[in-house]
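Take a look at the model below. Keep it in view as you read.

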Amino acid sequence: MNEDNLNLIDTHSHIDMIQNISLEEVIANAKENGVSKIILPCAYPGDIDKIVDITNKFDNIYAYLGVHPSEVKDWDDSLLDKIEKIAANNKKIAGIGEIGLDYYWDKSFIDLQKEVFIKQIRLANKLNLPINIHDREAHKDSFDIIEENNEGSTVIMHCFSGSVEFARECIKAGYYIALGGVVTFKNAIKMKEVAKDIPLERLLLETDAPYLTPVPFRGKENQPAYVRFVAEEIAFLRGISLKELADATTQNAERIFKF
Ligand code: NI
């Protein structure tokens, strides 16, 4: 059981993609490890209905709806209407995501990525919902597009992978930084610096399960229960208690998502 009475929130976890254990087990393990809520991001347009079903079925599962930058070839403007209809007045839809730019996997359709990113930012603004940003090797363009287009939505940089300087720029612009398993990797010097540097009131925790499994389970399939290893590492780096780190990041999430 959750012996040390932790209250953690995994703010980005693809629990629908976990292969080795059932969704029920995923959620039970999370609970036992003090994870009270999980936000499930949408990546593929075809997954929207499945993701909404999961949030309807389980109390503590919320969702971001949106299309991942690597999947924008399947974009259709009718998705804006679809997402708007589902998200309006639905407390289980925590934001629009994961949206952004990815110059790592495929650079052949950058213009389309930007176009779809902007449309989804405007949708979030219209719905007054936070945006969960996927930025891979596209820091400057992602930042510029957000600054030029976002009107009022809270910005969360999911799986932050930039430098301390970029983190400071994001903090100055009012964004939140979400850190996951990478911060536990021995060679992740840059990420450890970021974890120490950013103000506690702008920090969020995530797993990005089933990917990026933290130490000591690196190499195995990730799950929300392991968000506590992320929390432990960041607490250690900052020289504060696990409880303090958990409470602060959970309060941040509760404030952003109105949980
Ligand atoms: Ni993700």
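First, the ground rules. This is a predicted model, in which local features need pLDDT of at least 70 and side-chain atom pairs count only at pLDDT 80 or more, while totals for chains, interfaces and linings use all residues. Residues are numbered from 1 along each chain as its sequence is written, and side-chain values use heavy atoms, with hydrogens and water left out.

Start with empty space. Rolling a probe the size of a water molecule over the atoms shows where such space is left. The search uses a 1 Å grid over the protein atoms alone. A cavity is a set of points where a 1.4 Å probe fits but cannot get out. A pocket is an open set with protein on both sides within 12 Å along at least five of seven lines. Lining residues have an atom within 4 Å of a point. Points are joined across faces, edges and corners, and a volume is the space filled by probe spheres set on them.

How much space lies in the largest pocket? About 640 Å³. Its lining has 29 residues, and His134, Arg136, Cys159, Asp208 and Leu212 lie nearest the centre. Strands β4 (93–102) and β5 (131–136) and helix α7 (189–197) each give two or more residues to this lining. Here helices (H or I, at least four residues) and strands (E, at least two) are DSSP runs, numbered from the N terminus. The largest share comes from β5, with three residues. By class, the lining has 13 nonpolar, eight polar and eight charged residues. Nonpolar means Ala, Val, Leu, Ile, Met, Phe, Trp, Tyr, Cys and Pro; charged means Asp, Glu, Lys and Arg; the others, Gly among them, are polar.

The second largest pocket holds about 340 Å³. Of its 16 lining residues, Asn90, Lys91, Ile93, Leu129 and Phe257 are the closest to its centre. Strand β4 supplies at least two residues of this lining, and so does α9 (242–257). Its classes are eleven nonpolar, three polar and two charged.

The whole structure has one cavity of 30 Å³ or more. The largest cavity has a volume of about 40 Å³. Its lining consists of Ile27, Ala30, Lys31, Val35, Ser36, Lys37, Ile38 and Asn60. Helix α1 (23–32) and strand β2 (35–41) each give two or more of these residues. Strand β2 gives the most, with four.

Return to β5. It runs parallel to β6, and four bridges join them. Strands pair if DSSP finds at least two bridges between them. Histidine 134 has histidine 158 of β6 as its bridge partner. Both faces of β6 (155–158) are covered: Val155 and Met157 on one side, Ile156 and His158 on the other, are all buried. Buried means under 20% relative accessible area, exposed over 50% and partly exposed in between (1.4 Å probe, protein chains only).

Next come the rings. The structure holds ten aromatic pairs. Rings of Phe, Tyr and Trp (its six-membered ring) pair if their centres lie within 6.5 Å. Planes under 30 degrees apart count as stacked, over 60 as edge-to-face and the rest as tilted. Why is the pair of phenylalanine 143 and tyrosine 175 called tilted? Because their planes stand at 45°, with the ring centres 5.6 Å apart. Phenylalanine 143 is buried at 10% relative accessible area. Tyrosine 175 is buried too, at 2%. Elsewhere, ring pairs link Tyr62, Tyr64, Phe257 and Phe259 into a cluster.

Charges sit over some rings. The test is NZ of Lys or CZ of Arg within 6 Å of the ring centre and within 35 degrees of the ring normal. Lysine 92 lies over the face of tyrosine 62, 5.3 Å from the ring centre. Arginine 218 lies over phenylalanine 185, at 3.5 Å.

Finish with the backbone. Most residues other than glycine have a negative phi, and most peptide bonds are trans. A cis bond joins glycine 97 and glutamate 98, with omega about -5°. Glutamate 98 is in strand β4. Another cis bond runs from alanine 209 to proline 210, with omega near 10°. Asparagine 89 has a positive phi, near 60°. Asparagine 89 is exposed, at 82%. Asparagine 128 also has phi near 60°, and counts as exposed at 55%.
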